[in-house]
Structures are given as structure tokens and as C-alpha cells.
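Let's take a walk through this structure together, one stop at a time. Have the sequence and the 3D view open, and follow along.

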Amino acid sequence: MIKVLKKSVSIYIAALFLSFAFFYIVAQVAYYAFIQEKVEDYAESILARSDNIILQVREINALREEFSVYTPCSDPYLHALRKRLWPYPLIKDIGYVEDGRIICSALWGKYPAPLSLNVFKNKVSRGSYTWVFDAMIESNITADVVYNNNFSVTVSPFAFTRFREESTRWGLNAVVGDFNHKQHFFRVGNNTSLLENIEHGKVHDLFFIAEKSCDARHDICVVAGVRHSFVFNDNGYILVFLFCVASLVGLIIGALISKNQHENQSLLTRLENAIINKELHFVYQPLYRVKDKSIIGVEVLLRWNDKQMGNIGPDIFIPLAEENGLINKISLYVVEHAIKECGAALREKDITLSINVSCSDICSKTFYQRLVDTLQHEGVAGKHIMLEITERQSGRIEDIMQSIQLYKEHGVLFALDDFGTGYSNLKWLSMLDVDEIKIDKSITDSIGTQSINRHILPGLIAMFKDMPRIIVFEGVENEAQHLFLQGNLPESCAQGWYFSKALAFSEIENLLAQVKQTGECAVQGADNDAAVMTS
Ligand SMILES: Nc1nc2c(ncn2[C@@H]2O[C@H](COP(=O)(O)O[C@H]3[C@@H](O)[C@H](n4cnc5c(=O)[nH]c(N)nc54)O[C@@H]3COP(=O)(O)O)[C@@H](O)[C@H]2O)c(=O)[nH]1
């Protein structure tokens with residue numbers, strides 16, 4: 001009980017941990033993508049704004065001729081400047097420049113003392129324009145001014161306010177420069193020196209997201225960047241939300257796994273008890289020779305009828321037994337009880353009993369000894385037993401090859417099951433000394449259909465025609481399949497619902513008796529079959 005409880009707790013802890021890890025990673029990746037997009041938008045918006053300013057400056061500059069009719073700095077001149085300035089939201093002022101000094105402007109009128117633009121150091125010359133960044137126009141008033149000849153345009157200090165606000169809010173940085181980033185015009189943010197270093201490849205920082213947006217027309221580039229913070233540093237609500245979702249998902253997954261484990265565990269315990277209490281029983285499916293429908297043997301198939309859970313198919317409990325180390329116990333049980341049940345019929349009718357075994361059974365000394373002892377005890381010759389193996393329960397093929405020889409000393413036969421599937425293939429066929437090859441139902445199903453497997457059939461038939469092995473087609477369900485086999489491989493054998501479903505032992509006894517009484521089909525032994533196939 002404590003063990004089960006401990007296991008359940010571990011499952012819940014693991015599920016919660018994985019769920020937290022999953023949501024944490026997803027949140028981080030999503031947040032990274034979000035921030036990257038934001039930085040991209042930021043760079044593009046600054047570039048668009050810069051482009052816009054340049055266009056407005058050029059536009060105003062192109063109209064300068066209309067002021068030339070007035071005396072510079074006269075009232076009509078200033079009035080014309082103000083009128084021209086009005087429709088440009090990103091331009092704050094237009095001024096008249098003489099010898100690198102602004103004499104008057106639309107906003108300030110005539111300057112009491114001309115404003116010398118030559119004293120400012122933060123200057124960039126671009127063609128006929130000179131940009132002066134952070135020019136101090138009045139005490140505490142700075143702005144970017146661009147001028148050429150007698151004309152200056154002052155960019156609104158609020159043109160980039162939005163970007164400064166965004167910078168404060170998200171920690172964004174931007175550097176605006178020329179296309180090759182040799183000249184930097186202006187910067188936004190507190191971490192622009194790191195951004196510049198990253199941009200110039202001097203520093204590599206995985207956690208700094210940088211994006212570039214350029215416009216070749218205006219020879220301008222904006223590099224924007226931000227240090228990637230963890231999603232939870234920025235928003236506690238997201239942390240709480242993620243914690244709740246991850247806990248819920250973790251608990252649901254934990255409960256599902258626990259339930260599944262519990263069910264499997266109880267099924268396993270039930271199976272263990274069923275073996276101990278001999279509650280498993282057998283049905284037998286006959287194998288027929290195709291050409292005359294005579295019975296050459298029977299395959300024993302295990303059935304389990306649990307008192308509480310009802311019928312549980314071998315496709316469920318055999319894999320469960322394989323996964324949990326119970327398959328050997330099951331095989332021992334089958335060998336002992338099925339040979340005992342069928343012993344007389346095998347001897348009298350000279351047929352084979354096919355038994356599904358796992359590769360680990362064949363290599364097990366206990367299994368070998370139990371089979372030999374049972375054969376001796378029941379007085380059944382080894383040639384009446386056909387052990388069916390498949391690569392599904394794989395083992396070392398060299399060990400299996402060796403073990404097969406031991407059984408062969410007692411005349412026991414071997415069949416390679418499920419041939420044509422991934423579990424049984426030519427490599428195994430070439431390496432193992434088997435007496436019978438059972439062609440998987442998926443190949444039989446393709447007879448007379450458009451299935452892709454039908455392309456395999458002609459090759460298989462050609463290959464098996466000359467092969468000294470008993471060939472059994474599994475899962476024959478209709479007459480068309482039977483007729484096809486009769487026409488193409490009459491010496492082969494078949495098993496399937498077309499002939500008979502798996503029957504209780506008493507029914508098999510009746511069937512064998514009828515066959516003998518009516519004399520329709522001669523019952524032949526495996527030895528005869530082998531002889532027929534080789535001839
Ligand atoms: N190791 C052991 N494996 C065993 C044992 N008993 C059964 N099994 C394996 O379980 C798988 C499912 O078996 P089962 O449900 O019994 O199905 C068998 C036949 O009923 C089915 N079959 C036969 N003819 C037809 C048909 O015409 N149509 C159709 N849809 N199904 C058909 O095929 C199964 C037999 O397959 P095979 O063993 O490959 O010959 C199955 O893998 C069994 O091997 C056991 O005691 N030990």
C-alpha cells in the first residue's frame with residue numbers, strides 16, 4: 001500500500017514538475033517572440049518617423065523660393081514662414097540663417113542675439129544639409145536643427161516623445177544612424193552604448209534582442225534593442241496565472257497516469273492470479289492445406305475470462321505480460337496444459353500443435369526442460385509441436401539460433417510468425433532454421449484488393465514455390481483468397497475465419513472426428529507436409 005502511495009506521489013510530482021517546466025518554457029518562448037516583435041516594430045516605427053521628418057524637411061526646403069520675395073526677417077517674411085509651418089506637425093520652427101547663425105524664425109521672431117549653429121558639436125553633414133542634434137535654442141530648450149544656406153528647420157522635440165515613453169516602459173533602446181552605421185544621429189534609451197557595441201560586433205550578448213530597420217532611399221538605419229527579461233520579472237499576474245494553469249494540467253496528467261497505472265497494476269495482479277489459479281483457458285484454430293482443405297494442425301490461442309472484468313483479449317494481456325516479465329510463466333502454462341489437453345489428438349491424427357512462444361522462452365533452460373518433460377510425460381513426439389516465434393519479442397538472434405538446434409534434437413518444429421511485417425523479415429528467415437513460415441494477415445488481406453501489399457505477393461509466391469518450408473497464410477477470410485492460393489500456391493496451408501474460427505477443444509475433437517468420418521479431407525502430419533513442399 002505504502003509502495004503504491006509512494007509511486008502515486010512520485011507520478012504527481014513528476015507530472016507537476018514537467019507541467020511547470022513545459023509552461024515555463026512555452027511562456028518564455030512566447031514572451032521572447034513577443035519582445036522580438038516589439039523591438040522590430042519599435043525600429044520600424046522610429047525609421048518611419050525619421051523618414052517622415054526628412055520628407056517634411058525636404059518639402060519645406062523646396063518651398064523656400066516663395067519667401068524670397070520678402071526681406072529676410074521682415075514681418076511679412078516671418079508671417080509667410082508661420083503660414084508655411086502650420087501644416088507640418090513634426091516641424092517646430094523655420095528660421096533664416098546667415099553665416100551659420102539663425103537670425104530669426106517663425107516661432108521666435110527676430111532673435112535678440114543670433115543663435116550660432118557652429119558652436120554645437122553634435123553635427124552631421126549629409127549632402128547640402130547639416131544636422132545639428134540637441135542644439136540649445138534657449139536655456140532648457142534643446143532641439144534638432146537641420147540647415148542649408150539661408151534656411152533652417154527645427155524638428156519638433158515631441159516628434160520622438162512616443163518612442164521615449166515606450167523606451168521607459170519596456171526598456172527599449174534605439175540608435176539612429178546612416179545606412180552603414182558609421183555615423184550615429186541620435187539615441188533613445190539608457191543602454192544605447194551596449195546596443196552600439198552589439199551592432200558593431202564588439203559585444204555578444206545572447207539575452208539582448210537587437211533588430212535593425214533601414215531605408216536606403218534616405219541612407220538611414222535604426223537599430224533597436226532590449227535586454228530580454230524573464231516574463232515573470234515584468235508581470236506577477238502572468239506568474240500566478242501560469243502557476244495555476246501548470247498546476248491544474250500537472251494534476252490532471254498525474255491523475256490520468258496514476259489511474260492508468262492503477263488499472264494496469266490491478267490487471268497485472270489479476271493476470272498473475274489467473275495464472276496461479278489456472279483460470280486461463282485455450283481455444284484452437286485449425287490450419288488447413290489449401291489444395292484439399294485437409295487439417296494439418298491446430299494453433300493454441302489463450303483466452304482469459306476474468307470474473308469481474310469479463311473477456312480480456314490476448315492482444316491486451318499478452319503485451320502486458322511481455323512488458324512485466326510474466327510471459328515466460330504464461331508460456332510454461334500453455335505448453336504444459338495444451339500438450340496435455342491435445343496429446344491424444346496429436347498422436348492419433350498425426351497433426352501439429354502450434355504454440356506461440358517468445359524468444360526469451362526458447363532461450364530459457366526452464367522452458368526447454370518443461371517442454372521436453374511434458375512431451376515425455378504425455379507420450380507426444382517432438383514433430384507434433386510447432387513453436388511459433390516472432391521478432392516482436394526480440395532476443396539475440398545468435399542465442400535463438402543455438403537454442404533452436406537443441407529443440408531440433410527432440411524433433412520439435414519451428415515457425416516464423418507474422419512474416420511480411422516489421423516483426424518478421426528476410427534477415428530472420430535467412431538466419432533461423434525454421435520449418436514453417438506464417439505469412440502475416442496484412443499480406444493475405446491484399447489478395448484481390450488495391451492494397452500496396454499486393455505488389456509483394458507475386459515476389460513472395462515466386463520465392464516460396466521453391467522453398468522447402470511449410471507456408472501458412474494467416475487470416476484467410478473469404479473464398480476469393482482461398483481460390484487465389486489454390487491457383488497460385490496449392491501446396492501452401494492456410495488459417496483463418498473462412499475455414500474456421502478458434503474453437504474450444506471439444507469442438508476441435510468433433511471437427512477432427514468428422515473429417516475422418518466423412519473422409520473429405522485427409523488429415524496429414526507436418527512431416528508429410530514438409531515432404532510435399534520439398535518435392
Ligand atoms: N505468446 C503468446 N501469444 C498468444 C497466445 N495466444 C494468443 N496470442 C497472441 O495474441 C495475439 C492475438 O491473438 P488472438 O486474438 O487469439 O487472434 C488470433 C486469431 O484469432 C486471429 N485470426 C485468425 N484467423 C483470423 C482471421 O481470419 N481474421 C482475423 N481478423 N483474425 C484472425 O489471429 C491471431 C493469431 O495470430 P498469430 O499468433 O500471429 O497466428 C496474437 O498475436 C497471438 O499470437 C499465447 O498463448 N502465447
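Is Leu206 buried or exposed? With a relative accessibility of 74%, Leu206 counts as exposed, since the cut-off for that is over 50%. Before going on, keep in mind that what you're looking at is a predicted model. To find Leu206, go to the loop that runs between helix H4 (192–199) and strand S10 (208–215).

Now for the cysteines. A disulfide is a covalent bond between the sulfur atoms of two cysteines. The count here comes to 2 disulfides. One of them is formed by Cys73 and Cys104, whose sulfur atoms sit 2.0 Å apart. This pair links distant parts of the chain, 31 residues apart: Cys73 belongs to the loop between helix H1 (2–62) and helix H2 (75–85), while Cys104 belongs to strand S2 (residues 101–105). Which hand does this disulfide have? The torsion about the S-S bond of Cys73 and Cys104 is about -85°, so it's left-handed. Both ends are tucked away, as Cys73 counts as buried at 11% relative accessibility and Cys104 counts as buried at 0%.

Further along, a disulfide joins Cys214 to Cys221, with 1.8 Å from S to S. Here the angle about the S-S bond is 100°, and the link of Cys214 and Cys221 is right-handed. If you count the bonded cysteines along the chain, the disulfides follow the pattern 1-2, 3-4.

What about Cys359? The closest cysteine sulfur to that of Cys359 is in Cys363, and at 7.0 Å it is too far for a bond, because a disulfide needs the two sulfur atoms within 2.5 Å. Cys359 is buried, with a relative accessibility of 1%. Cys342 is another buried cysteine, at 2% relative accessibility.

Next, turn to the charged side chains. The count of salt bridges comes to 21, and a few of them are worth a visit. Start with Arg84, which forms a salt bridge with Glu66, their closest N and O atoms being 3.3 Å apart. Arg84 lies in helix H2 and Glu66 in the loop between H1 and H2, so this pair ties together parts that are 18 residues apart in sequence. Glu66 is partly exposed, at 38% relative accessibility.

Another salt bridge brings together the side chains of Lys383 and Asp350, at 3.6 Å from N to O. Where do the two partners sit? Lys383 is in the loop between helix H10 (365–378) and strand S16 (385–389), and Asp350 is in the loop between helix H8 (327–349) and strand S15 (352–356), so the pair ties together parts that are 33 residues apart in sequence. Lys383 is partly exposed at 30% relative accessibility, and Asp350 is partly exposed at 27%.

Now look at Glu388 and Lys438, which form a salt bridge with their closest N and O atoms 2.6 Å apart. They link distant parts of the chain, with Glu388 in strand S16 and Lys438 in strand S18 (residues 436–439), 50 residues apart. Are these two buried or exposed? Glu388 counts as buried at 1% relative accessibility, and Lys438 counts as buried at 0%. There's a network here too: salt bridges that share partners join Glu299, Glu388, Lys438 and Glu474.

That brings us to the ligand, where some of these names come back. Of the 21 residues around the ligand, Glu299, Arg303, Glu474, Glu477 and Trp497 come nearest. Lys438 turns up again as well, with a polar side-chain atom 3.5 Å from an oxygen atom of the ligand. Asp417 also places a polar side-chain atom 3.1 Å from an oxygen atom of the ligand. In Leu302, a backbone N or O atom lies 3.1 Å from a nitrogen atom of the ligand. How much of the ligand does the protein cover? On its own the ligand has 820 Å² of accessible area, and the protein covers 82% of that.

Terms used:
Residues are numbered from 1 along each chain as its sequence is written. This is a predicted model: local features need pLDDT of at least 70, side-chain atom pairs count only at pLDDT 80 or more; totals for chains, interfaces and linings use all residues. Side-chain values use heavy atoms; hydrogens and water are left out. Helices (H or I, at least four residues) and strands (E, at least two) are DSSP runs, numbered from the N terminus. Buried means under 20% relative accessible area, exposed over 50%, partly exposed in between (1.4 Å probe, protein chains only). A residue is near a molecule or strand if one of its heavy atoms lies within 4 Å of it. A polar contact is a pair of N or O atoms within 3.5 Å; within protein, one must be able to donate a hydrogen and the other to accept it, and residues adjacent in sequence count only if both atoms are side-chain atoms. Accessible areas come from the Shrake-Rupley method with a 1.4 Å probe; for residues, only the protein chains shown count as cover. A salt bridge is a side-chain nitrogen of Lys or Arg within 4 Å of a carboxyl oxygen of Asp or Glu.
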